[in-house]
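My notes follow in the order I checked them.

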Amino acid sequence: MAPMMTTHREELRQTWPMSSKVVVGIARDLAAHRMGTWGVPQKVIDDVLVVVSEAMTNVFKHVKKGPVKLHLAHQGDAVLAEIWDCSPIAPTLRPIDPDTEGGMGLHIIAGLTENRCGHRWDSGGKTVYGFIPIP
Ligand SMILES: Nc1ncnc2c1ncn2[C@@H]1O[C@H](COP(=O)(O)OP(=O)(O)O)[C@@H](O)[C@H]1O
Ligand SMILES: [Mg+2]
């Protein structure tokens, strides 16, 4: 019998029926706990949690309806974070304006992912994704 092919890839998939401040907090706690079990370094966990928080807060703020989905995958040299929502509107990078509150979330995601981030149209909505490097 041929040996079975196995691929080692640790993943978290979770859907919530709506996005809210509470869901953002729950997602952060769940993600932190799971990445701990995967052995992801604490500094990387912290960065992933910021990316997840910013992207999920954007769903809560700008889409305002659910559901919202979180997918994390531990890929050895990076953690892939994907946040899906049902809106067909693209996230738009705003110019940094020191006199305006907000508008930093996508810049923070771009920084923490070293620009390995973006969005794609997916399942009637879109997925915002980013790869957070593991040094
Ligand atoms: N999930 C999303 N769906 C639709 N529009 C979004 C989404 N995320 C972000 N945006 C748009 O991109 C802009 C920039 O997002 P961000 O940098 O996080 O700033 P902020 O949330 O403070 O406005 C938002 O103002 C919004 O118009
Ligand atoms: Mg934001």
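This is a predicted model: local features need pLDDT of at least 70, side-chain atom pairs count only at pLDDT 80 or more; totals for chains, interfaces and linings use all residues.

I find five strands in an open sheet, ordered 1-2-3-5-4, with antiparallel pairing. The edges are strand 1 (10-16) and strand 4 (117-122), each of which pairs on one side only. From one strand to the next, I get an average twist of 15°.

**Strand 5 and its partners.** Next I looked at strand 5, residues 125-133. How many bridges link strand 5 to strand 4? I count six, in the antiparallel sense. On the other pairing, strand 3 (residues 78-85) runs antiparallel to strand 5 over eight bridges.

I then read off residues standing opposite each other. From strand 4, I noted these:
- Cys117 faces Gly130 of strand 5.
- Gly118 stands opposite Tyr129 of strand 5.
- Trp121 is set against Lys126 of strand 5.

Lys126 came up again when I checked strand 3. Asp85 also stands opposite Lys126.

**Hairpin.** I followed strand 4 into strand 5. Two residues lie between the strands of this hairpin. Which residue there takes a positive phi? I find Ser123, with phi near 50°.

**Other backbone points.** Glu114 has a positive phi of about 50°, although it is not a glycine. I place Glu114 in the loop between helix 3 and strand 4. Where is the cis peptide bond that I noted? It joins Gly66 and Pro67, and omega is about 0°. Pro67 sits in the loop between helix 2 and strand 2 (68-74).

**Ligand 1.** I turned to the shell around ligand 1. I count 17 residues in it. The closest are Asn58, Pro91, Gly102, Gly105 and Leu106. Which helices each supply at least two residues of the shell? I get helix 2 (42-63) and helix 3 (105-112). Helix 2 gives the most, with six residues. I also sorted the shell by class:

| Class | Residues in the shell |
|---|---|
| Nonpolar | six |
| Polar | seven |
| Charged | four |

**Record.** I looked up the annotation. An unreviewed UniProt entry lists residues 27-127 as "domain: Histidine kinase/HSP90-like ATPase". I checked that span in the model. It is 42% helix and 24% strand. Its end C-alpha atoms lie 16 Å apart.

**Confidence.** The protein chain averages 93. I find that 94% of the residues score at least 70. Where does pLDDT stay under 50? That stretch is residues 1-7. For residues 1-7, I find zero contacts beyond four places in sequence.

Technical notes
Residues are numbered from 1 along each chain as its sequence is written. Chains are lettered from A and ligands numbered from 1 in the order in which they are written. Two strands pair if DSSP finds at least two bridges between them. Helices (H or I, at least four residues) and strands (E, at least two) are DSSP runs, numbered from the N terminus. Axes are lines fitted to C-alpha atoms, for helices over the stretch in contact, and angles run from 0 to 180 degrees between N-to-C directions. A residue is near a molecule or strand if its C-beta atom, placed from the backbone, lies within 6 Å of it. Ala, Val, Leu, Ile, Met, Phe, Trp, Tyr, Cys and Pro count as nonpolar, Asp, Glu, Lys and Arg as charged, and the others, Gly among them, as polar. UniProt positions are given in the numbering used here, feature names are shortened, and annotations may be inferred rather than shown by experiment. pLDDT is the predictor's confidence in each residue, from 0 to 100. Two residues are in contact if their C-beta atoms, placed from the backbone, lie within 7 Å.
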